[in-house]
Every structure is written in C-alpha cells, then in structure tokens.
Amino acid sequence: MTDLNLRLQQRLNPPSDDRPQHYHGGAAFRLGDRVQQVRNNPHRGETGVFNGSSGNISAIDTETHQLTVTFHDGEMATYPFIDLDELMHAYALTVHRSQGSEYPYVIVPMVTAAGMMLLQRNLLYTAVTRARYGVMLIGQTEAVERAIANNRTQRRNTALPHRITHDP
C-alpha cells in the first residue's frame with residue numbers, strides 16, 4: 001500500500017517549487033496530500049482526531065515545524081513535524097482502513113492470488129459500498145466469483161457472550 005500511495009502521490013500531487021513539503025520517515029508530506037489519521041489522539045485539534053479520519057494537508061509551516069490537516073468533516077488539526085507518525089498517505093486505502101467512510105469512486109483489485117482469506121463476500125461488500133458514484137472491480141472474474149461464493153468469515157474469539165452474562 002505504501003508503494004501505491006507513493007506512486008499516486010507522484011502522479012496526483014508531484015513536487016513543485018511553489019508548494020512546501022516536509023520529509024518524515026522517508027516520505028514527503030506535501031501541501032494538498034490526502035492523509036489519514038492512524039491512531040486515536042483525543043488531544044489533537046479541538047475535539048480530537050481519531051483513527052480513520054481522512055483529510056488533506058492544508059498548510060505546512062517550515063519555520064514552526066508543523067503542518068495542518070483539514071479533515072473531511074471540516075475540523076482542522078495541527079501536527080508538529082515530530083508527530084507525523086500519526087498520519088499516512090491516503091490516496092489508496094485497504095478495505096479495512098476505508099470502513100466507515102465514503103468515496104466518490106472506488107477501484108477494487110480482484111486477483112485469485114489474494115487467497116480465500118481476502119476473497120470474502122463481506123470484504124467485497126464493504127469495498128463496493130464505500131463508493132458513492134461508481135465502483136470498478138479490476139482483475140480476474142474468477143476472484144470475484146470466489147469472493148461472492150465465500151460467505152465464511154473468520155471466526156472471532158471475543159468471549160462476548162461470557163463478558164455480557166458475567167460480572168467483572
């Protein structure tokens with residue numbers, strides 16, 4: 001995913017002399033980049049920023065060593081350069097990272113090499129339902145057929161019934 005995000009960033013938001021950028025952890029953060037928060041931080045911004053929140057870098061101040069992200073809900077948050085580990089580029093996201101969000105268009109790669117663990121009906125449904133206007137499945141027809149036929153989801157051992165019925 002990191003490589004795909006880098007390639008998309010180069011194509012959609014290439015370096016430019018008139019736009020500031022900052023390198024952190026080997027990645028360039030540029031004005032206008034699509035980013036996503038990767039862990040909860042209730043102290044960032046006015047109301048906190050939480051895992052999965054997406055937005056765009058709206059300011060980079062190389063003098064104060066911080067950048068600002070404007071999230072899709074209109075909230076803004078400032079990040080000191082040393083805290084950029086809280087952000088990842090979000091030109092391309094996994095189905096897991098996209099849950100709870102909606103995008104104008106979604107492209108879903110479908111290949112049999114993904115294996116039955118990833119070719120599941122519920123994951124395909126989640127991916128397809130993230131799209132507002134259109135979705136494109138690219139790859140192999142056989143992979144789509146396998147995903148649709150595979151309604152066995154991974155069993156989760158949460159002990160939820162026990163936790164509900166027993167006092168702590």
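Guide: Pro-104 is placed in strand 8. The model is a predicted one.

Visitor: Why is Pro-104 called partly exposed?

Guide: The relative accessible area of Pro-104 is 45%. A residue is buried under 20% and exposed over 50%, so Pro-104, at 45%, is partly exposed.

Visitor: What makes Ala-131, Arg-132, Tyr-133 and Gly-134 contacts of Pro-104?

Guide: Contact requires heavy atoms within 4.5 Å. Pro-104 touches Ala-131, Arg-132, Tyr-133 and Gly-134, with residues up to four places away in sequence left out of the count.

Visitor: How many residues separate Pro-104 from Asp-83 in sequence, and what is the distance in space?

Guide: Pro-104 and Asp-83 stand 21 residues apart in sequence, and their C-alpha atoms lie 30 Å apart.

Visitor: Which residues of helix 3 are buried?

Guide: Helix 3 covers residues 121–128, and its buried residues are Leu-124, Thr-126 and Ala-127.

Visitor: How do you know where the buried residues of helix 3 lie around its axis?

Guide: Viewed down the axis of helix 3, the buried residues fall within an arc of 160°, and therefore they line one face of the helix. Their cover includes helix 2 (95–98), strand 8 (103–110), strand 9 (131–139) and helix 4 (141–149).

Visitor: What makes the largest set of 13 residues a nonpolar core?

Guide: A nonpolar core consists of buried residues of nonpolar kinds, Leu and Tyr among them, joined through side-chain atoms within 4.5 Å. The largest such core in this model has 13 residues, and those with the most contacts inside it are Phe-29, Ile-57, Leu-67, Val-69, Tyr-79, Leu-84 and Leu-87. Two or more residues each come from strand 4 (54–61), strand 5 (66–71) and strand 6 (76–80). Strand 5 supplies the largest share, three residues.

Visitor: Which residues does Leu-84 touch?

Guide: Beyond four places in sequence, Leu-84 touches His-22, His-24, Phe-29, Leu-67 and Tyr-79.

Visitor: What share of the chain is buried?

Guide: Of the 168 residues in the chain, 32% are buried. The chain exposes about 11300 Å², of which carbon and sulfur atoms supply 53%.

Visitor: How many helices and strands does the chain have?

Guide: The secondary structure comprises five helices and nine strands.

Notes
Residues numbered from 1 in each chain as written. Predicted model: local features only at pLDDT ≥ 70, side-chain atom pairs only at ≥ 80, totals over all residues. Heavy atoms only, no water. Buried < 20%, exposed > 50% of the residue type's maximum accessible area, 1.4 Å probe, protein only. Helix = DSSP H or I, 4+ residues; strand = E, 2+ residues; numbered from the N terminus. Arc of directions from axis to C-beta. Areas by Shrake-Rupley, 256 points an atom, 1.4 Å probe, with all protein chains shown as cover.
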